[in-house]
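Here is a short briefing to read alongside the model. Take a look at the structure first, and then let's walk through a few spots together.

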Amino acid sequence: MKKYHLFLFFLILVLTCKSVNTEAINNSFYEETTFSEEVEPSKPSEPVEPVLLEFGFPVVSQVVEISSRRKELTREYCIRHYNRNSYLIEVPRMIVIHYTGVSSLGESFAIYRDDIIPAERTDINGFGRVNIGVHFLVDKDGSVYSMLPENMIGRHTVGFNHLSIAIENVGVADYELTSQQVEANARIISYLGGKYPTIRFLFGHHEYLDKEKAHFLYFKAEDPFYKPRPMADPGVLFMKNLRDYLLQEYNLKFID
Ligand SMILES: [Zn+2]
């Protein structure tokens, strides 16, 4: 009888301890979850999870919805510089490649965040209120970010914004740009070329004022005071690598 009581006592003790332990674990998990949520609240401006859109490769969307203010500022810019009452690209004819001039993804995002051109951009803010805008941004590891809808006009290349799609690369010099960026640019270009048969030209921003090149036939500048400046991005080396890669891997050759 005594032995039986002892056994019951131990059984109750073991069961009680187990139950307390389970509760302790559950509590610690709950607290940990709550704590991490408090420390890192979700930020709407942070990139969302990569999604496979119609691109056929992962693209992270940065833009949920274009503000009506941005559309109107873009329209205002187009009326002034292209004599077109629209914020949309009517016929996409060319792809222009750039680098951002800053070395991190975060700094690059910051350039495009606002709808209005910053006050410190005194070189260009007298010629339109809309901020700089591009369609795709490629990080150094080749990750692709969608910044503007493909059919919306972005302010990135004087004289050609109304008919061009822009790809920006995070970086400050052509020798700093990576092979992953070359490959990602080629993927985007192949996708755009397949989707829009009207795209026949591809050039770097540093080539945009070259009157010897065929794309210059499309140059349009209604405001005679808006003097286009020579640009250095993305550089001869990057464009050579990109054109070679497009030909080799995709059998694609555009006019420049
Ligand atoms: Zn540029």
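K71 counts as partly exposed because 17 C-beta neighbours lie inside 10 Å; the cut-offs are 20 or more other C-beta atoms within 10 Å for buried, 12 or fewer for exposed, and partly exposed in between, with C-beta atoms placed from the backbone. This is a predicted model, where local features need pLDDT of at least 70 and side-chain atom pairs count only at pLDDT 80 or more, while totals for chains, interfaces and linings use all residues. Residues are numbered from 1 along each chain as its sequence is written.

**Around K71**
- Helix α2, residues 68-82, holds K71; helices (H or I, at least four residues) and strands (E, at least two) are DSSP runs numbered from the N terminus.
- Leaving out residues up to four places away in sequence, K71 touches I66 and Y87, where contact means C-beta atoms, placed from the backbone, within 7 Å.

- Most residues other than glycine have a negative phi, and most peptide bonds are trans.
- N83, in the loop between α2 and β3 (94-99), has a positive phi of about 55°.
- N83 is exposed because it has 10 C-beta neighbours inside 10 Å.
- N251, in the segment after α5, also has a positive phi of about 55°.
- The D233 to P234 peptide bond is cis, with omega near -5°.

**The whole protein**
- The protein has five helices and seven strands.
- Of its 256 residues, 31% count as buried.

How values were computed
Two residues are in contact if their C-beta atoms, placed from the backbone, lie within 7 Å.
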